[in-house]
Amino acid sequence: MRILERFAPAAPRGDAADLPAPINLSRRQFVQGMGGLAVGVVIGPALTACGPKGGSAPASGSTAAAADFTPNAFVRIGVDNRVIVVAKHLEMGQGTYTGLATLVAEELDADWEQVSVEGAPADNKRYGNAQMGGMQGTGGSNAMADSHSQMRRAGAAARAMLVSAAAAQWKVPASEITVSKGVVSHAASGQQATFGALAEAAGKQTVPETIALKDPKTFTLIGQQKLSRKDNNDKTDGSAMFTQDYKLPGMLVAVVARAPQFGGTLKSVDATKAKAIAGVVDVVRYEGGKGYPGGVAVLAKNTWIAKQGRDALVLEWDDSAAEKRGSNEIMAEFKQLAAKPGAVAKHEGDATAALAKARKVIESEYEVPYLAHAAMEPMNCLVHITEQGCEIWNGEQMQTIDQNNVAVRLGLKPEQVVIHQLYAGGSFGRRANTFSDYVMEAVNIASAAQAQGHKVPVKMVWLREDDMRSGYFRPMFLHRVRAALSEDGGVLAWEQRLVGQSIAADGPFESMIKNGVDHTSVEGCFEHYKSANVHVELHSPKPGVPIQWWRSVGHTHTAFAKESMIDELAAQAGADPYEFRRKLMADFPRHRAVLELAAEKAAWSSPLKPGEGKTMRGRGIAVQESFSSIVAQVVEVTITDGALKVDRVVCAVDCGLAINPDVIRAQMEGGIGFALSAALHNAMTLDKGVVQETNFHLYTPLRINEMPRVEVHIMPSAEPPTGVGEPGVPPLAPALCNAIFAATGKRIRKLPIAKQFQA
């Protein structure tokens, strides 16, 4: 998408017939029509002036003729005194819009209330993510890490241009001008002006080649508490637009019939009963592609009618190429593979020889199941194919991949695929699909509808059951770990063999696989502990179950295995689990500091108050670095008559510079709740290839009465910011299982916990 086109942000829900038509607006006409200031910053370290590149995001209600001029704009200031931050990263609940706005507003010295945020066009040349190889997308908890310097420079450049414009108008030295809360002032002459009053003049200034950023000691917004989130009001008053809210004139809704088994294909369909339902417009068969199946969709006036039509279809499926095994059978294959050598992922010293000489070797297996992403907004996508190209409305996480895949499918240039970035109701990795599966499905349905005479926008909607049973899962994994203690109470040797599907295999990121090892499968294995002998191997079998990265990716299972085995070694050594870890982290002071902070705030050195009667209490600890952030957690549990209650989680995090402490706390709290749901209850299971969990009554989210008290402590740091969306997840499961052991003496080596624990 070269031009961001959107309706008025406060448009009411319902049909779009009464809304103004989308408008294309170039930077040149935006400045001319609005008298404003737009600032662009390239991905690299330098600033760049705006150049003749195409179109830019318009202000609501603006009008302009077509023009070929687009800046790589991150900051836009209008005569109405609004400061608009253009966000290249998706807001899916993680606070990205607030973080990006904070960075700009800090350097700009804007008033927080005058700042708003808009989604950026899909254009990787201007909005590429340097940490994702230059492609535009949001993932890996790297939005702040990628945009931190870039957005600060954009804000600082805009401020310099406003000051320069004021100095020229007032005929005073720029060095004597100050800026505070959106007001530019010259104390000696008593002159002052708002950003809006200076915007037109500032837009004529040259973007400075060098920019001086603030000393962190002078920050007024970065690091501040109680800074209201930029998506709060929209999501509170209902004006926030998600894909499910969006409607266009003449739009049809498509609901798909899906094979009961992965890999099944449609043999025949009788649509007679479906077409007889009032409101059903048509039934279309559509083609599939790599990573997504073809099928049949019912087109109707609304989602409910489309569902009724879908359910009325008489279908025959071909399961000859389908995955027909159950989860237990697939795990049995994994266990057979674990007995054989795999691809070497890590090799230091000679773990095999050291283990052969060890007086005692501890060997354990750890199992984690398939997991659904289960975001509150199931997959959906609105598509309109025209003679000019293709427009998409979506909570867009992987702009470059989706744009290119759609362009290839329709025979278009990427810039002819216009993506309107909306809010997303969660993702946890699901929307970052390397095959663009649900986006391509929507495009193929719209294309098939056009072939049958329906040249209208089509919104493809996955129902919750579709999302659960036919989506992509977190891979199931088996870890076999062998380890031994050294004479001084350290780790003599560590040998680990992992078995699980590769997320990178057979997709656009296949190049991530080196020497047979997908890094995302083994990330976090025995890292940040000291041992002279470490050996890690990987098997990557290929069951017919579609899998994808899930919140914190490989760390979700490697942290469970690593931190559980570290606890087992501590018990074997007769050592305190915290002190044992602390000793092993002698060479990793930053990690040790986070561990110490969590232990201190949890009062680790003080025993828990004992339970009454047969009530047992325990405390467990775990630490993991993921996405360059270090998180340690202490979990406290109470077990009464076989019932487990998680009482408290103390979390310490080092994520570099804390841009928005409240957002960081919210992400740690949310990650803990998310991880606790999975650890206690969740598994996607197959029986003869059919997924058994269809909705939240079988795949149970954490209930409010199960949520423990959570305390989050942020390490002060001047280091560049790192991720917070995912790193709160990995330590929870092992810390919880270690707490259960402390209370009961029982080791939990298989997730989820609840049913086996009660048994």
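**Aromatic pairs and charges over rings**

Phe74 is buried, with a relative accessible area of 0%, in this structure, which is a predicted model. The structure holds 13 aromatic pairs. One of these is formed by Phe74 and Tyr127, whose ring centres lie 5.3 Å apart and whose planes meet at 75°; because this angle is over 60 degrees, the pair is classed as edge-to-face. Since Phe74 belongs to strand 2 (residues 73-77) and Tyr127 to helix 3 (residues 124-127), the contact ties together parts that are 53 residues apart in sequence. Tyr127 is likewise buried, its relative accessible area being 4%.

A further pair involves Phe242 and Tyr423, for which the centres are 5.7 Å apart and the planes stand at 40°, so that the arrangement is tilted. Phe242 is located in the loop between helix 6 (232-237) and strand 8 (252-257), whereas Tyr423 is found in the loop between strand 17 (417-421) and helix 12 (437-451), and the pair therefore ties together parts that are 181 residues apart in sequence. With a relative accessibility of 9%, Tyr423 counts as buried, because this value falls under 20%. Tyr423 and Phe242 also form one aromatic cluster together with Tyr97.

Charged side chains are placed over aromatic rings as well. Lys235 lies over the face of Tyr423, at 4.8 Å from the ring centre, and Tyr423 is thus described both by this contact and by its tilted pair with Phe242.

Notes:
Residues numbered from 1 in each chain as written. Predicted model: local features only at pLDDT ≥ 70, side-chain atom pairs only at ≥ 80, totals over all residues. Heavy atoms only, no water. Phe/Tyr/Trp six-rings, centres within 6.5 Å; stacked < 30°, edge-to-face > 60°. Helix = DSSP H or I, 4+ residues; strand = E, 2+ residues; numbered from the N terminus. Buried < 20%, exposed > 50% of the residue type's maximum accessible area, 1.4 Å probe, protein only. Lys NZ or Arg CZ within 6 Å of the ring centre and 35° of its normal.
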